[in-house]
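Visitor: I have not looked at this structure before. Could you show me how to read its features one at a time?

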Amino acid sequence: MNEITVTIDGKECKTQEGEFILNVARENDIFIPAICYLTRCSPTLACRICLVQADGKNAYACNAKAKDGMEVITSTEEIEAERRAIMEVYDVNHPLECGVCDQSGECELQNYTLEMKIDSQNYAIKDTHKPTQDWGLMHYDPSLCIMCERCVTSCKDMIGDTALKTVPRGSEKLPAELKEEMPKDAYAMWNKLNKSLIGSAISSETNNLDCTNCGECIAVCPVGAIVGTDFQYTSNAWELTKIPSACSHCSSACHLEYEVKHTSIENSDNKIYRVKNEFHYSSLCGAGRFGFDYQNQSDATKDADKLAEAVEKFKSAKNVVIDGVITNEEALILQNLKNKLGFNLVANDETLIFDKFVKAYEKVAKKPFTNGTTETIHSSDFVISVGTALKTDNPAVRYAFNNSMKINKGAGLYFHPVVDPVINGLGKNIAQINHQPHQELKVLYFIISLFATEEKMPKEILDYAKSLDYADLNLPDKFDANLTKFLKKKEKFSLIVGQDFYGSDEAEKLAYLVAIIEKHTDFEVLVISPNTNSLGVSLICDLNENLTDGLTIGYNIKKSDNLNIDYEISAFGDGDFNIPALNQQEGTFTNIDKRVVPLNSALSFNGYNLNDIANEVLNLDVENTIDYTKYLPTDKGYKNIAFDDLENYFTNAQEEKRGYILDINSEFSDEVISFSDSNKIKETKLDANLKVIYLANPINQFNGFTHKTEQLAKLDREQLNNHGGLYLSPAFAKELGVSNGDKVKITKANNNLELQVIIDNKIDGEISYLPTFDNSVSYKTIFDKDYRFTQVKITKLN
Ligand code: SF4
Ligand code: SF4
Ligand code: SF4
Ligand code: FES
């Protein structure tokens with residue numbers, strides 16, 4: 001894109017061609033009032049308050065693109081009269097309940113009313129009765145709603161659920177004479193506002209909004225019309241202290257702010273009241289927004305005997321089992337302890353197979369990471385997703401996928417065995433291809449056959465890819481014709497690769513082809529790291545594959561049927577030695593974008609932590625865990641920056657100033673990547689008499705921490721006590737003759753699992769799934785090694 005210069009109120013501003021005037025002004029710290037516009041979403045022109053003059057003509061700053069040499073004036077007498085009239089209209093019949101409204105103090109209606117000095121009212125209309133609505137985790141009060149449509153816009157353009165829409169308000173018409181008397185834009189805005197309200201679909205099964213419950217509509221609402229049901233009337237906004245941090249539930253580690261204050265008059269301990277986000281730059285899913293109360297409330301104290309016991313356990317341990325839901329600093333301390341004590345450091349989740357996949361990629365690519373980020377997905381106009389149940393594996397990447405479809409007029413392909421209605425809902429320009437399990441390699445060859453060119457792709461690979469028969473991939477009708485349509489005028493290509501690959505028997509071949517595609521096609525590739533900090537753990541720790549006989553410590557790993565854990569160090573609150581949970585810790589994560597992001601503690605913890613154990617074992621006197629931040633390994637791209645020097649915000653120019661990006665080489669060398677028969681496909685046939693089960697989590701559940709939180713439990717289908725079970729599509733449940741809560745037996749060879757049925761209307765087709773968030777579901781007994789798909793017999797129990 002070309003750099004251009006525009007002048008706003010006499011200030012020369014450099015920007016990129018095609019940028020909206022409003023964003024240019026914001027980048028240059030020039031204020032233009034704006035209510036309805038959301039950065040990264042399409043302008044709706046609902047409020048019209050951003051009126052400016054551009055080259056002498058009236059224009060809406062959120063919708064008018066800057067042109068080279070353009071002169072913009074943000075305020076004239078006419079503009080101010082329009083803005084004032086608009087604000088007066090917004091204030092017509094707005095309830096005077098600011099004293100108790102949840103938004104009071106940070107309400108945009110309040111702020112602009114003051115900004116425009118609205119101290120009298122020229123307009124009036126009879127009010128209509130508008131009852132409040134219960135949307136489950138959200139609460140909608142239409143009388144407070146100013147119909148800016150930000151909730152509708154965000155849900156559609158960012159989240160991709162399209163769960164909200166405008167519906168008729170049922171009010172009286174505006175007096176006709178006002179059309180002549182009022183400023184033009186104010187009348188048009190009022191006319192629109194007066195006709196509509198926000199409507200939603202409520203699920204008959206759960207009484208919640210029938211959507212993925214991200215709560216982003218709460219975040220973007222400028223007034224108190226949509227609020228969190230649990231938060232409502234619990235605190236004034238100005239009483240809450242904001243603590244910027246990172247979500248700890250998945251590998252995006254999204255930026256968020258915990259809002260805390262004392263628990264009650266009797267209890268001065270801080271409590272998290274809600275989570276907010278910088279919605280113009282970063283969107284949360286429901287786990288980040290509602291799953292915040294997982295702190296370790298074990299009333300831990302500094303018990304010297306317990307500390308001594310933990311130190312002794314470490315000294316005699318043969319194995320320490322961890323997962324990817326720990327900070328970089330905890331990973332470094334554990335690695336230091338391993339170096340000194342010689343135990344096996346074993347990852348009990350997808351982190352180890354991810355580590356092996358990344359190393360297989362590095363062996364071929366001669367660089368550690370692929371070149372894509374969440375941001376490259378946002379800015380692409382053609383996106384392919386393979387090997388991931390994107391909706392639940394990484395919601396932030398799903399939002400980026402959706403956003404690129406909506407804002408860049410994009411198109412995409414979604415390859416996955418599980419039929420996903422939410423992905424279908426992202427738009428008509430995405431083809432969903434529900435291939436069979438074990439066909440991931442074939443999918444990559446298919447992508448090469450479709451997108452690689454003779455100029456760029458080595459001939460033998462392209463020839464092989466083109467020689468394969470793809471008829472068994474279950475391509476939708478008119479695939480070729482639709483793809484031709486999708487690809488028109490597309491310029492920026494992205495490929496998302498997910499965790500189905502890492503546990504595949506063919507993981508090495510898949511890693512090889514990912515490197516080939518990245519090097520020899522136009523695709524930028526984003527690899528989704530499976531758990532919150534799997535990437536950090538895989539970089540910092542030298543992981544072992546197997547346990548040996550002897551004492552085994554579980555670090556946030558519970559004793560279970562599958563693992564012989566002798567001693568539990570636990571942030572869940574029921575361990576042998578209690579440590580702080582991630583909302584009680586300072587530290588860093590290495591997220592999916594190879595960014596080291598800071599995590600701040602929202603709540604206190606009065607016991608010991610891993611740093612205290614390490615001090616005893618290693619004879620050190622390190623005061624805080626975050627003193628390790630600047631010692632993260634520089635040979636892996638970490639920088640010698642102290643925790644307190646890490647930034648944690650976004651700029652008005654939409655720049656992410658959070659921590660830093662790993663300092664690594666991301667360019668391919670000229671070295672030729674060889675191709676041999678070992679990279680070719682080996683067909684695996686499914687047993688037609690068995691059913692396929694997938695390992696995944698339901699929407700907004702990720703791990704034992706999300707499982708602990710109260711609000712997410714309320715999303716549980718039919719209140720099945722928030723225990724995992726076998727999740728089935730409504731159609732498959734009908735085929736099996738089972739209903740919610742019925743029991744089924746799953747049989748794999750000699751292993752049986754008895755589970756309750758949970759019907760999930762956010763999947764379709766015959767593949768059911770088993771979750772990992774609930775430790776009581778012993779899923780490992782029925783899965784072959786690490787692959788996410790398995791075949792079983794499912795029998796209904798009476
Ligand atoms: S919670 Fe999220 S998905 Fe549901 S209506 Fe609100 S923005 Fe849309
Ligand atoms: S509910 Fe809030 S965000 Fe939605 S239209 Fe009303 S005021 Fe705007
Ligand atoms: S769970 Fe993932 S996508 Fe959701 S808010 Fe947390 S980091 Fe972001
Ligand atoms: S911000 Fe431009 S029309 Fe609302």
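This is a predicted model: local features need pLDDT of at least 70, side-chain atom pairs count only at pLDDT 80 or more; totals for chains, interfaces and linings use all residues.

Visitor: Which strands make up the antiparallel open sheet of three?

Guide: The order there is 11-12-13. Its edge strands are strand 11 (241–246) and strand 13 (270–276), each pairing on one side only. From one strand to the next, the twist averages 35°. Strand 11 is joined to strand 12 (residues 255–262) by six bridges, and the two run antiparallel. Here I243 stands opposite Y258 in strand 12.

Visitor: Is strand 29 mostly covered or mostly open?

Guide: Strand 29 (residues 691–695) is mostly covered, with four of its five residues buried. Now take its pairing. With strand 34 (residues 789–797) strand 29 runs antiparallel, over four bridges. With strand 33 (residues 768–770) strand 29 pairs in the parallel sense, over three bridges. I693 has a partner in each: T790 is its bridge partner in strand 34, and S768 stands opposite I693 in strand 33.

Visitor: How are two packed helices described?

Guide: By the angle between their axes and the distance between those axes. In this model, the axes of helix 11 (residues 351–365) and helix 19 (residues 507–520) come within 8 Å and cross at roughly 50°. That angle makes helix 11 oblique to helix 19. The crossing of helix 11 past helix 19 is right-handed.

Visitor: Where are N213 and H438 found?

Guide: N213 is in the loop between strand 9 (196–200) and helix 7 (216–220). H438 is in the loop between strand 18 (430–433) and helix 16 (440–451).

Visitor: Why does N213 count as buried?

Guide: Buried means under 20% relative accessible area. N213 counts as buried because its relative accessibility is 5%. H438, with a relative accessible area of 26%, is partly exposed.

Visitor: Which residues surround ligand 1?

Guide: N213 is one of them; the others are M138, C155, I159, D161, A163, L164, L209, C211, C214, G215 and C217. By class, the shell around ligand 1 divides into nine nonpolar residues, two polar and one charged.

Visitor: How many residues surround ligand 2, and which are the closest?

Guide: There are 13 around ligand 2, the closest being C145, C148, E149, C151 and C221. This shell divides into 12 nonpolar residues, no polar and one charged.

Technical notes:
Residues are numbered from 1 along each chain as its sequence is written. Chains are lettered from A and ligands numbered from 1 in the order in which they are written. Side-chain values use heavy atoms; hydrogens and water are left out. Buried means under 20% relative accessible area, exposed over 50%, partly exposed in between (1.4 Å probe, protein chains only). Two strands pair if DSSP finds at least two bridges between them. A residue is near a molecule or strand if one of its heavy atoms lies within 4 Å of it. Ala, Val, Leu, Ile, Met, Phe, Trp, Tyr, Cys and Pro count as nonpolar, Asp, Glu, Lys and Arg as charged, and the others, Gly among them, as polar. Axes are lines fitted to C-alpha atoms, for helices over the stretch in contact, and angles run from 0 to 180 degrees between N-to-C directions. Angles under 35 degrees count as roughly parallel, over 145 as roughly antiparallel, 65 to 115 as roughly perpendicular and the rest as oblique. A crossing is left-handed if the near helix is turned anticlockwise from the far one by less than a right angle, and right-handed if clockwise.
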